[in-house]
Amino acid sequence: MKLSVVVPTYNLGSYVKALLENLADQTVPFELWLIDDGSTDDTFAQLSEFSKSNSDFHAVQLEHRGVSVARNFGLSHATGDGVVFVDGDDMIAPSFVEMLGKGLNTGAVMAAVGYEWYRRPATQSDSFIELNQKTAFDQVSQRGTEFGGYVWNKAFRTSAIRSANLSFDESLHLAEDYLFTSTFVANTPGQYVYLPKLLYTKRNRPGSTIHMASRQDRQEENQVFQQIYELQKLIN
């Protein structure tokens, strides 16, 4: 089970250094797509230099068009059996990629691991918990659950993404990850697994999209969640 890791970046400065070090410390091989969204600082220079260390690592700079465009570029070029999305200013444990791969190796269509961002896993365990499609949807369609609707603590089976013809909505400024994850689950019957072990740390960065959201962005976010709730009708 080879995974493709897609990392969008934009003007991350010193924040990206920690993630690059984490990626270098992973315990299993993987394909890496570092997609820079037109940074004007030295972010892309750091990515470009890092990518020289491994033939499976790729660094690409696009025009500044948003995180969804960057993720979609990485997704369209990923060749792994599963796709993992990691935000460029966050941190991951050395076994992050390995454990997500093990999760998909159980036959699951999606695997998730524990994260820290205003909360931590209620319990720590080295064993995967199985969820059916309906339970998984209940988790990913609501804010703040332990499983989470975010894309960055998960691995998605690539064949299922292709089957659902799924990509990120490039018109959205917020909740684009919730919509992607919920649409995946709503359209993908099968087994889901969750490892309640802290392997992903979300860092609060001043100037990030979520901190700079406008009132219009928040209204748009509420509309996205209404769209997500409608997806439940697709699950038998």
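Which residue lies over the face of Trp117? I looked it up: Lys202 does, at 5.8 Å from the ring centre. A charge counts as over a ring if NZ of Lys or CZ of Arg is within 6 Å of the ring centre and within 35 degrees of the ring normal.

I note that the model is predicted: local features need pLDDT of at least 70, side-chain atom pairs count only at pLDDT 80 or more, and totals for chains, interfaces and linings use all residues. Residues are numbered from 1 along each chain as its sequence is written, and side-chain values use heavy atoms, with hydrogens and water left out.

Next I checked Trp117 for ring partners. Trp117 and Tyr150 form an edge-to-face aromatic pair, 5.5 Å centre to centre with 65° between the planes. Rings of Phe, Tyr and Trp (its six-membered ring) pair if their centres lie within 6.5 Å; planes under 30 degrees apart are stacked, over 60 edge-to-face, and the rest tilted. I found Trp117 buried at 14% relative accessible area and Tyr150 buried at 10%. Buried means under 20%, exposed over 50%, and partly exposed in between (1.4 Å probe, protein chains only).

I then searched the whole structure and got 20 aromatic pairs. Phe96 and Tyr200 form a tilted one, with centres 5.8 Å apart and planes at 55°. These two residues are 104 apart in the chain. Phe96 is buried at 0% relative accessibility, and Tyr200 is buried with 0% as well. One aromatic cluster includes Phe96, Trp117, Tyr150 and Tyr200.

Last, I looked at Asp42, which is partly exposed at 44%. Its C-alpha is 9.9 Å from that of Tyr10, 32 residues away in sequence.

Note on methods. Helix = DSSP H or I, 4+ residues; strand = E, 2+ residues; numbered from the N terminus.
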